[in-house]
Amino acid sequence: MKLYLHTYILWSIGLSLFFTCNSPESSLSYSANILKNKIDSTPAPKPRALIPIGLQKLIVAYPEQHFNASTNALIWPNGDSLVYQDSIKKGEKTFQMLLNQPDLEDQLFMPYPKGVDYPIPSLNNDPGRIRVEDFFLKMYGENKEAVRKNLVEIDFLGSKLLVTQINSIDQKLIQIAKELAKDSALKKYVETVGGTFNWRKIAGTERLSMHSFGMTIDLNVKYSNYWRWAVSDKTEEGKRPIIYKNRIPLKIVQIFEAQGFIWGGKWYHYDTMHFEYRPELLIEL
Ligand SMILES: [Zn+2]
């Protein structure tokens with residue numbers, strides 16, 4: 001009897017260990033199935049406590065990428081990875097360092113104010129302008145030719161635009177055009193498009209413009225304001241206050257945000273014609 005009891009206890013421990021080790025909850029990976037589950041309204045698995053919220057946002061925001069994560073890295077299905085938090089302590093990066101050598105955590109840490117009620121951006125408050133270039137190169141193409149392979153031409157209210165198919169951005173822009181077309185008062189702002197795909201650096205910097213990836217659109221330049229046009233000191237150091245200006249109707253902003261695009265009009269270094277696909281800054285978990 002004693003032997004039977006002993007065997008039973010050992011068997012029980014073994015069985016519970018087996019289930020613990022094979023449970024999806026025990027894996028450090030946390031996949032985009034969460035988004036699917038949300039849409040299906042079936043209970044979503046609990047987010048892994050060990051995975052930072054910023055990584056969870058990236059996974060959920062880009063379901064077509066099938067990202068996974070470890071406690072400090074975003075992982076692509078082919079095994080490529082990007083570190084989430086680098087070795088430089090929080091608060092030790094200057095604004096220029098955030099722009100020029102950010103990690104994924106920096107990319108997400110300025111909250112983007114979704115919706116029509118947004119504050120006039122305070123000094124250097126640029127949610128979305130801090131970008132890990134490698135993240136976009138891995139996702140949309142490592143060079144001009146690689147990006148170009150993913151581009152398709154769409155009709156955007158009469159303009160022929162080259163945009164990427166990655167993350168279904170072509171379909172999202174077609175949907176945006178449909179929404180914009182419903183309001184004739186918006187026509188003059190959107191019928192002449194300032195630009196989409198253009199592999200280039202941001203003016204005055206060594207950083208690649210988001211226009212390089214085919215997921216960014218500039219509306220009619222005629223009704224736009226850009227911080228560099230407003231100041232004689234063209235540096236990004238914020239040595240003198242930039243006076244905020246905008247003429248783009250906020251209804252346009254709402255239509256773009258609903259499809260995962262952020263607006264450059266919510267930046268201290270504002271660019272009111274500019275919309276780029278950054279769903280990680282628009283979702284709440
Ligand atoms: Zn732009």
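# Reading the zinc site and its surroundings

User: Which atoms count as donors to the zinc ion here, and at what distance?

Analyst: The zinc ion is coordinated by NE2 of His 211, OD of Asp 218 and ND1 of His 274, at 2.1 Å. Along the chain, the donors follow the spacing H-x6-D-x55-H.

User: What makes His 211 and His 274 a tie between parts of the chain?

Analyst: His 211 sits in the loop between helix H9 (187–190) and strand E6 (216–218), while His 274 belongs to strand E8 (residues 274–277), so the pair ties together parts 63 residues apart in sequence. Helices (H or I, at least four residues) and strands (E, at least two) are DSSP runs numbered from the N terminus. There are 11 helices and 8 strands in the chain.

User: Before we go on, what kind of model is this?

Analyst: It is a predicted model, in which local features need pLDDT of at least 70 and side-chain atom pairs count only at pLDDT 80 or more, while totals for chains, interfaces and linings use all residues. Residues are numbered from 1 along each chain as its sequence is written, and side-chain values use heavy atoms, leaving out hydrogens and water.

User: Thanks! Are His 211 and His 274 buried or exposed?

Analyst: Both are buried, a label for under 20% relative accessible area, with exposed meaning over 50% and partly exposed in between (1.4 Å probe, protein chains only). Buried residues make up 46% of the 285 residues in the chain.

User: Why is Pro 121 called buried?

Analyst: Its relative accessible area is 11%, and that is under the 20% limit, so Pro 121 is buried. You'll find it in the loop between helix H5 (104–109) and helix H6 (133–140). Beyond its neighbours within four places in sequence, Pro 121 is in contact (heavy atoms within 4.5 Å) with Tyr 244, Lys 266, Trp 267 and Tyr 268. The C-alpha atoms of Pro 121 and Trp 267 are separated by 5.7 Å, although the two residues are 146 apart along the chain.

User: And Pro 127, is that one buried or exposed, and how do you know?

Analyst: Pro 127 has 1% relative accessibility, so it counts as buried. Pro 127 is also in the loop between H5 and H6. Its contacts outside four places in sequence include Met 110, Ile 262, Trp 267 and Leu 281.

User: What surrounds the second largest cavity?

Analyst: Its lining is Asp 106, Gln 107, Met 110, Asp 126, Pro 127, Gly 128, Arg 129, Ile 130 and Leu 281. They divide into 4 nonpolar, 2 polar and 3 charged residues. This cavity holds about 30 Å³ of space, and the structure has 2 cavities of 30 Å³ or more. A cavity is a set of points on a 1 Å grid over the protein atoms alone where a 1.4 Å probe fits but cannot get out, and lining residues have an atom within 4 Å of a point.

User: How do you know whether His 66 is buried or exposed?

Analyst: At 54%, its relative accessible area is over 50%, so His 66 is exposed. His 66 is found in the loop between H3 and strand E1 (68–70). Its phi is near 50 degrees, a positive value in a residue other than glycine. Most residues other than glycine have a negative phi.

User: What makes Ser 168 and Val 221 partly exposed?

Analyst: Ser 168 has 22% relative accessibility and Val 221 has 38%, so both fall in between the two limits. Ser 168 lies in the loop between strand E5 (159–164) and helix H8 (169–181), and it too has a positive phi, about 55 degrees. Val 221 lies in the loop between E6 and helix H10 (227–230); Gly 194, Trp 229 and Met 273 are its contacts beyond four places in sequence.

User: What makes helix H3 mostly covered?

Analyst: Of the 9 residues in H3 (residues 53–61), 7 are buried, among them Leu 55, Leu 58 and Ile 59.

User: And which elements do the buried residues of H11 pack against?

Analyst: They pack against strand E4 (151–156), H8, H9, E6, strand E7 (261–263) and E8. The buried residues of H11 (residues 250–257) are Ile 252, Val 253, Ile 255, Phe 256 and Glu 257.

How values were computed: Donors are N, O and S atoms within 2.8 Å of the metal (3.2 Å for Na, K and Ca); water is not among the atoms, so sites may look incomplete. On a 1 Å grid over the protein atoms alone, a cavity is a set of points where a 1.4 Å probe fits but cannot get out, and a pocket is an open set with protein on both sides within 12 Å along at least five of seven lines; lining residues have an atom within 4 Å of a point. Grid points are joined across faces, edges and corners, and a volume is the space filled by probe spheres set on the points. Ala, Val, Leu, Ile, Met, Phe, Trp, Tyr, Cys and Pro count as nonpolar, Asp, Glu, Lys and Arg as charged, and the others, Gly among them, as polar.
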